[in-house]
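The sequence and the structure come before the description.

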Amino acid sequence: MTTAATLPHLWPAPLADRALDATVEVPGSKSLTNRFLVIAALASSPSRLRGALLSRDTLLMAAALRQLGVGVEQDGPDLVITPGPLRGGVTVDCGLAGTVMRFLPAIAALADGPVRFDGDTAALARPMGPVLAALRALGVRVDEHGEAGRLPFTVHGRGSLPGGQVDVDASQSSQFVSGLLLAAARFDHGLTLRHTGPTLPSLPHIEMTVDTLRAAGATVDATRPAIWQVAPGVLAGRDVRVEPDLSNAAPFLCAAMVAGGAVRVPGWPATTTQPGGLLPGYLERMGGAVSLDGDVLTVRGTGVVRGVDLDLHAAGEIAPTLAALAVLADSPTRLRGIAHLRGHETDRLAALAAEITRLGGQAEQTADGLVITPRPLTGGPWHSYEDHRMATAGALVGLRVPGVEVEDIATTGKTIPDFVGLWSAMLDA
Ligand SMILES: O=C(O)C1=C[C@@H](OP(=O)(O)O)[C@@H](O)[C@H](O)C1
Ligand SMILES: C=C(OP(=O)(O)O)C(=O)O
């Protein structure tokens, strides 16, 4: 296992010198792990998570819940969560995790005192305003300590919340909706939430929230467009297995497209709410051959990648990986529906355009995406902007372009504990 401490600041991305033939065990889903943790913390009895992701984002969630008075223990490879009374007078470190900064403020409103939220410097740029406005509309006092609608802030927990109805503009992030719904069963009257904005990104992630709540016994009505209603009720402690992170499978599966050969990912779910479940269809459109045998997903490539016109509003999370693939295609690609990527770990549209251009490629930002025109590339540094998906995108480009050096590859630890080890093993298999 490669540890962050031993990784060079500029990581020479390995070239693929032959067709691949590898099986990659992808760690658990960040989005599922952090939802299960939050629901388990609010449940009426303990829970066990099997196959949970143990990476920076989920360890931050676990640490935050412990601060709030919840027991989160490792038991071998499992996490055991023991709910307790939620306590205030604490600080939550969000790091750069959208799920921590957007899921926990509504939980903090149920604590018995103030909860301060802070995070990485890069996190202070991420939009939070609609979450804070919704909490205020529900009667919660929120003090902001920096720029309006940004971290850091303090949520003054009051032990309980009446709940009721609230409007939220979630066009910048689906996590604004998910965060409120996750806490809503514990509000006295539950919650009816209406999304008011012009667009709604990452709908599968909202469906994931609804699914995981229902699985814990919540009554959720999602029959009306852009309206969700959670009835007040008890959430049950559960014993659950976390699916592999299909978005983190993306760079590995794309590697087969770039290098040729086959990459297999076991544990692929037959049905899923993860947006990474859309990836096989995208890769087929880009020239890959995809098959699912039992629970093993295989992508076979020839090294020839087709450019494509894709609306990624449902699966913006995998856009950086697909952008890297598009750079190596034989025709232009347009990625649409992803204006909200400007509020991710970094402004991903700007970052991708800058890094592709730095290597001699052509990438233009549009109002809601990118247009990428393949050009011959030369090696050089690829900056990561503290963004795990920018770092893995650099690794993918480096499979084909000699001399790509990914800055701060250790930032992949946000959602994959050992990206470099898995990547090297895939290339050496
Ligand atoms: O709820 C979640 O677990 C997530 C929702 C999405 O956020 P946005 O809607 O902000 O894109 C996604 O990009 C993020 O990686 C995880
Ligand atoms: C947008 C992402 O993360 P976050 O959960 O921090 O929003 C991501 O993982 O691509």
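## Domains and ligand shells

In this predicted model, the centres of domain 1 and domain 2, taken over C-alpha atoms, are separated by 29 Å. The contact between the two draws 18 residues from domain 1 and 23 residues from domain 2, and on the side of domain 1 that touches domain 2 these residues comprise 5 nonpolar, 9 polar and 4 charged. The domain assignment of the protein chain places domain 1 at 4-27 + 245-428 and domain 2 at 30-229.

Ligand 1 has 13 residues around it, of which Ser31, Ser173, Ser174, Ser202 and His205 come nearest. Helix H3 (98-108) and helix H5 (175-184) each contribute at least two residues to the shell around ligand 1. Because domain 1 (4-27 + 245-428) and domain 2 (30-229) both give residues to that shell, ligand 1 lies between them.

Around ligand 2 the surrounding residues are Ala97, Gly98, Thr99, Glu317, His344, Glu345, Arg389 and Thr415. The shell of ligand 2 likewise receives residues from both domain 1 (4-27 + 245-428) and domain 2 (30-229), and ligand 2 therefore lies between them.

The table sets out the classes of residue in each shell.

| Shell | Nonpolar | Polar | Charged |
|---|---|---|---|
| Ligand 1 | 1 residue | 11 residues | 1 residue |

Key
Residues are numbered from 1 along each chain as its sequence is written. Chains are lettered from A and ligands numbered from 1 in the order in which they are written. This is a predicted model: local features need pLDDT of at least 70, side-chain atom pairs count only at pLDDT 80 or more; totals for chains, interfaces and linings use all residues. A residue is near a molecule or strand if its C-beta atom, placed from the backbone, lies within 6 Å of it. Domain bounds come from an automatic or database domain assignment. Two residues are in contact if their C-beta atoms, placed from the backbone, lie within 7 Å. Ala, Val, Leu, Ile, Met, Phe, Trp, Tyr, Cys and Pro count as nonpolar, Asp, Glu, Lys and Arg as charged, and the others, Gly among them, as polar. Helices (H or I, at least four residues) and strands (E, at least two) are DSSP runs, numbered from the N terminus.
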